[in-house]
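Dear colleague,

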Amino acid sequence: MENLLSLSFDYLSSFDGVKIRKGLRQLEGLLAQICLSRTTTAAERRRSMAVDGVAKSSPKDLASLSDDPAFREFFKLQEGFEWNVSIRLISCLERLLGKGSNGQNDLLLVSTLDLLRGVLLIHPPSRSLFAREIYMNLLLDLLDPSSCPAVQSSAVLTLVTALLEQPSITRCFENLDGLLTVTSLFKNRGTSREVKLKLVEFLYFYLMPETPYAGRDAADAPAGLQRNPSKASKMGSGGRERREGEEGTRTTNEKQSLLGRYLNNVEDLVEDLKESAPFGANFG
């Protein structure tokens, strides 16, 4: 696996768009082998080909994924700097962003962001990278009004993934005027309807009660991304209990007040959120 990662990293470090695309595809192929299971029996293959004539792979069950040797090897490699995929993808984003906006470059930006989201979901500790201002600023730069709508939409989704169950990263986002960036793009007349819808969804997500990642919050992550199991045991109850000054979480009311500095009628968003209670969120 190290050889595959090394080869893809070499391509990602290039300034040549063709090589970058090849590196992204190699990583996609590796992750597909880890996360997808191919149909095995003849009956399953026939059923998978019934729709469009192509045999499809299905996602592995999450419970079984953690016991998969390939996944465990990949996860272990992500704990160190040398083989961490997220770091390489972020560096690739920096180079692509410096090349300006054009059709091919925008496609590479979207592909890189899509792959980064996947890695952040299967290796949550890598989200700790966005507790660093330089990396959070990179995501916010992608939300510039001059970016193409596809890049903006993908950047919003990546921002959600980075903030998921990470209160300390959410505080970094707030400290860097992330709310101003998001609301300014939302209020910009040139912003497409699709992007505005993504931004509204982001605001709903932002206002939800905060739940720190049970394994480790970003504040506990050292530079090398090594795990610290003792932190997880101290969080108790899935890390859901708020401890003032220790976990650094904010309530929905506190975040409503912050968002209200940049956007009107935030209380309507909160009321909608409380009525729908997505994912069983408790606003009590």
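Glu174 is found in helix H10 of this predicted model. The relative accessible area of Glu174 is 11%; because the cut-off for a buried residue is under 20%, Glu174 counts as buried. Leaving aside neighbours within four places in sequence, the contacts of Glu174 are Tyr206, Arg250, Lys255 and Leu258. Of these, Lys255 lies 81 residues from Glu174 in sequence, yet their C-alpha atoms are 9.7 Å apart in space.

Helix H10 (167-175) also takes part in the packing around helix H11. In H11, which spans residues 178-187, the buried residues are Gly178, Leu179, Val182, Thr183 and Leu185. Viewed down the axis of H11, these residues fall within an arc of 160°, so they line one face of the helix. An α-helix has 3.6 residues a turn, so residues three or four places apart point the same way. Besides H10, the buried residues of H11 pack against helix H8 (133-141), helix H9 (149-163), helix H12 (193-207) and helix H14 (252-259).

I turn next to a pair of helices. Helix H6 (residues 85-98) packs with helix H7 (residues 103-122) at an angle of about 160°, and their axes are 10 Å apart. That angle makes H6 roughly antiparallel to H7, and the crossing of the two is left-handed. On the H6 side, the residues in contact include Val85, Leu89, Leu93 and Leu96; among their counterparts in H7 are Asn105, Leu109, Leu116 and Leu120. The residues of this contact divide into 14 nonpolar, three polar and no charged.

Yours sincerely

Definitions and conventions:
Residues are numbered from 1 along each chain as its sequence is written. This is a predicted model: local features need pLDDT of at least 70, side-chain atom pairs count only at pLDDT 80 or more; totals for chains, interfaces and linings use all residues. Side-chain values use heavy atoms; hydrogens and water are left out. Buried means under 20% relative accessible area, exposed over 50%, partly exposed in between (1.4 Å probe, protein chains only). Helices (H or I, at least four residues) and strands (E, at least two) are DSSP runs, numbered from the N terminus. The arc is that of the directions from the helix axis to the C-beta atoms. Contact means heavy atoms within 4.5 Å. Axes are lines fitted to C-alpha atoms, for helices over the stretch in contact, and angles run from 0 to 180 degrees between N-to-C directions. Angles under 35 degrees count as roughly parallel, over 145 as roughly antiparallel, 65 to 115 as roughly perpendicular and the rest as oblique. A crossing is left-handed if the near helix is turned anticlockwise from the far one by less than a right angle, and right-handed if clockwise. Ala, Val, Leu, Ile, Met, Phe, Trp, Tyr, Cys and Pro count as nonpolar, Asp, Glu, Lys and Arg as charged, and the others, Gly among them, as polar.
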